[in-house]
Amino acid sequence: MTRFASPADRGDERGGQDEQDERDKASQDPRQESVAQRADRNVAELVQELRVVGLGVQVLFGFLLSLPFTMRFTKLDGAQRGVYLTSLVLAAVATTLLIGPVAYHRLVFRQGMKEQLVRFANTLAILGLAAVGGAVLMAVLLVTDFVAGAVAAGVITAVLACMLVVLWFVVPLTQRRERR
């Protein structure tokens with residue numbers, strides 16, 4: 001990583017002010033776009049992201065919905081059924097949150113509310129990702145407990161939970177904070 005000379009290294013008496021000015025310039029978006037163009041771009045990016053996560057949650061939800069109709073489901077104990085139910089509900093919540101922006105868009109279509117749509121959809125997408133993460137972890141816990149036992153299930157699920165939280169939330173939020 002290249003280190004640029006700080007104002008103090010250059011003998012600049014303003015010191016921290018130049019550093020703040022540089023950070024302000026770096027945080028500004030260099031694109032020359034209108035508010036409407038930015039809103040259009042943001043909607044397009046959000047739609048692509050929702051497509052990716054939507055497909056994943058649909059597959060998980062479909063798997064969970066079909067599970068009780070299998071012969072082996074009757075072999076689950078009470079705790080495993082609780083984990084199953086938790087995973088199913090989280091997948092349903094994720095589906096609801098991730099489809100929410102579509103309903104919002106349909107109801108405010110051509111009302112000049114694209115910026116509000118982006119803000120609302122962003123919030124729903126973040127909450128939906130958290131619900132997807134929870135549903136995935138509960139599904140992993142259920143399957144690994146059934147296949148390998150409680151200890152292995154706990155360890156595997158804990159490792160995956162750490163990975164999920166770090167990669168989905170900690171890293172982006174840390175980099176966002178550093179950019180300010």
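How close do the axes of helix 2 and helix 4 come, and at what angle do they cross? They come within 10 Å and cross at roughly 20 degrees. An axis here is a line fitted to C-alpha atoms, for helices over the stretch in contact, and angles run from 0 to 180 degrees between N-to-C directions. Helix 2 and helix 4 are therefore roughly parallel; that label covers angles under 35 degrees, and roughly antiparallel covers those over 145. The crossing of helix 2 with helix 4 is left-handed, meaning the near helix is turned anticlockwise from the far one by less than a right angle.

Two housekeeping points. This is a predicted model, in which local features need pLDDT of at least 70 and side-chain atom pairs count only at pLDDT 80 or more, while totals for chains, interfaces and linings use all residues. Residues are numbered from 1 along each chain as its sequence is written, and side-chain values use heavy atoms, with hydrogens and water left out.

Now the overall layout. The protein has 5 helices and 0 strands. Those are DSSP runs, numbered from the N terminus: H or I of at least four residues for helices, E of at least two for strands. Of the 180 residues, 27% are buried, that is, under 20% relative accessible area with a 1.4 Å probe, protein chains only. Take contacts between residues at least 6 apart in sequence: 65% of them join residues at least 24 apart. Contact means heavy atoms within 4.5 Å.

Next, the other partner of interest. Helix 2 spans residues 35-66 and helix 3 spans residues 78-108. Their axes come within 9 Å and cross at roughly 150 degrees. That makes helix 2 roughly antiparallel to helix 3. This crossing is left-handed too. On the helix 2 side, the contact includes Leu50, Val53 and Phe61; on the helix 3 side, Tyr84, Leu88 and Leu98 are among the residues. By class, the contact has 13 nonpolar, 2 polar and no charged residues. Nonpolar means Ala, Val, Leu, Ile, Met, Phe, Trp, Tyr, Cys and Pro; charged means Asp, Glu, Lys and Arg; the others, Gly among them, are polar.

Last, one residue. Where does alanine 39 sit? In helix 2. Alanine 39 counts as buried because its relative accessibility is 5%. Beyond residues up to four places away in sequence, it touches Lys114, Glu115 and Val118. Alanine 39 and valine 118 are 79 residues apart in sequence, yet 7.2 Å apart in space, C-alpha to C-alpha.

Conventions:
Angles under 35 degrees count as roughly parallel, over 145 as roughly antiparallel, 65 to 115 as roughly perpendicular and the rest as oblique. Buried means under 20% relative accessible area, exposed over 50%, partly exposed in between (1.4 Å probe, protein chains only).
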